[in-house]
Amino acid sequence: MRTGSLVAGLVLAAAAAGCAPDAGRSVRGAPEETSLPGQRWALEDGRVDAAEYGRAMNEFISCVRGAGYEVTDPVLSPIDGLSLLYQITPSGDPASYNAAVQRCNLSHLSMVEPTYVESHPKVMEETLRTAVVRCLRGRGRTASGDERNATELAETARDEPAVVECITESRVRLFPELPDEAVVRI
């Protein structure tokens, strides 16, 4: 998936460019080596609620738009019922584009989003869940039909790659209007 590569690339680029956060100023609840002053407001109590996540996402999108790139409005992911999906249209010099998106991500969203999503129950949208169960069974994998999210599907099927493939294929077929990339957290 391009999103996973983009996120990994952003983190690696930040470290290589010397943009890694200052280890002396950490956020409570975050690893000691993490300091992201632009996100501290949401992370300081060790948890992130939906309003804080929405604000951080809006600030990220405003930052990317302010850098001159088109970004769609965020929409709720049917994969987990928590993540906000968006599409950025890259243009111009790739290094400038990557630097702008990296700066905005590190300034507004990189710690807020996973803190929010990983601390709340994930529930897959019903039509997607049904299609994923059907897909897994069609591949000879076990699925009871009672699973609520990707983690439970992976535990039951005992085949993470098949679960990710079935989710991705089913999401594209059932929700073609959504942004091209969506994170599958297992």
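Reader: Let's start with helix H7. What does the side-chain oxygen of Asn-149 reach at the start of H7?
Author: At the start of H7, that oxygen comes to within 3.1 Å of the backbone nitrogen of Thr-151. A polar contact here is a pair of N or O atoms within 3.5 Å; within protein, one must be able to donate a hydrogen and the other to accept it, and residues adjacent in sequence count only if both atoms are side-chain atoms. Helices (H or I, at least four residues) and strands (E, at least two) are DSSP runs, numbered from the N terminus.

Reader: Where do these atoms come from?
Author: This is a predicted model, where local features need pLDDT of at least 70 and side-chain atom pairs count only at pLDDT 80 or more, while totals for chains, interfaces and linings use all residues. Residues are numbered from 1 along each chain as its sequence is written, and side-chain values use heavy atoms, with hydrogens and water left out.

Reader: Thanks! Which residues of H7 are buried?
Author: H7 covers residues 150–157, and its buried residues are Ala-150, Leu-153, Ala-154 and Ala-157. They span an arc of only 100 degrees around the axis, so they sit on the same side of H7. That arc is taken from the directions from the helix axis to the C-beta atoms. Buried means under 20% relative accessible area, exposed over 50%, and partly exposed in between (1.4 Å probe, protein chains only).

Reader: What covers the buried residues of H7?
Author: The cover includes helix H6 (126–138) and helix H8 (160–174). On the H8 side, Ala-150, Leu-153, Ala-154 and Ala-157 of H7 meet Glu-160, Val-163 and Ile-167. Contact means heavy atoms within 4.5 Å.

Reader: How do the axes of H7 and H8 cross?
Author: They come within 8 Å and cross at roughly 135 degrees. H7 and H8 are therefore oblique to each other, and their crossing is right-handed. Axes are lines fitted to C-alpha atoms, for helices over the stretch in contact, with angles from 0 to 180 degrees between N-to-C directions. Angles under 35 degrees count as roughly parallel, over 145 as roughly antiparallel, 65 to 115 as roughly perpendicular and the rest as oblique. A crossing is left-handed if the near helix is turned anticlockwise from the far one by less than a right angle, and right-handed if clockwise.

Reader: And what about H6 and H8, how do their axes cross?
Author: Those axes come within 9 Å and cross at roughly 130 degrees. That makes H6 oblique to H8, in a right-handed crossing. Residues of H6 that meet H8 include Leu-128, Ala-131 and Cys-135, and those on the H8 side include Val-163, Cys-166 and Ile-167.

Reader: Is Arg-158 buried or exposed? And which is Asp-159?
Author: Arg-158 is exposed, with a relative accessible area of 76%. Asp-159 lies in the loop between H7 and H8 too, but counts as buried at 15% relative accessibility. Leaving aside neighbours within four places in sequence, Asp-159 is in contact with Arg-141 and Ala-154.

Reader: Where is Lys-122?
Author: Lys-122 is in the loop between helix H5 (112–118) and H6. With 12% relative accessibility, Lys-122 counts as buried. Beyond its neighbours within four places in sequence, its contacts include Asp-80, Arg-148 and Asn-149.

Reader: New topic! How do H3 and helix H4 pack?
Author: H3 and H4 (residues 94–108) pack at an angle of about 155 degrees, with their axes 9 Å apart. That makes H3 roughly antiparallel to H4. Among the H3 residues that meet H4 are Phe-60 and Cys-63, and Cys-104 is one of those on the H4 side.

Reader: Last one: how many helices and strands does the chain have?
Author: The protein chain has 8 helices and 4 strands, in the order α-α-α-β-β-β-β-α-α-α-α-α along the sequence. Buried residues make up 41% of its 186 residues.
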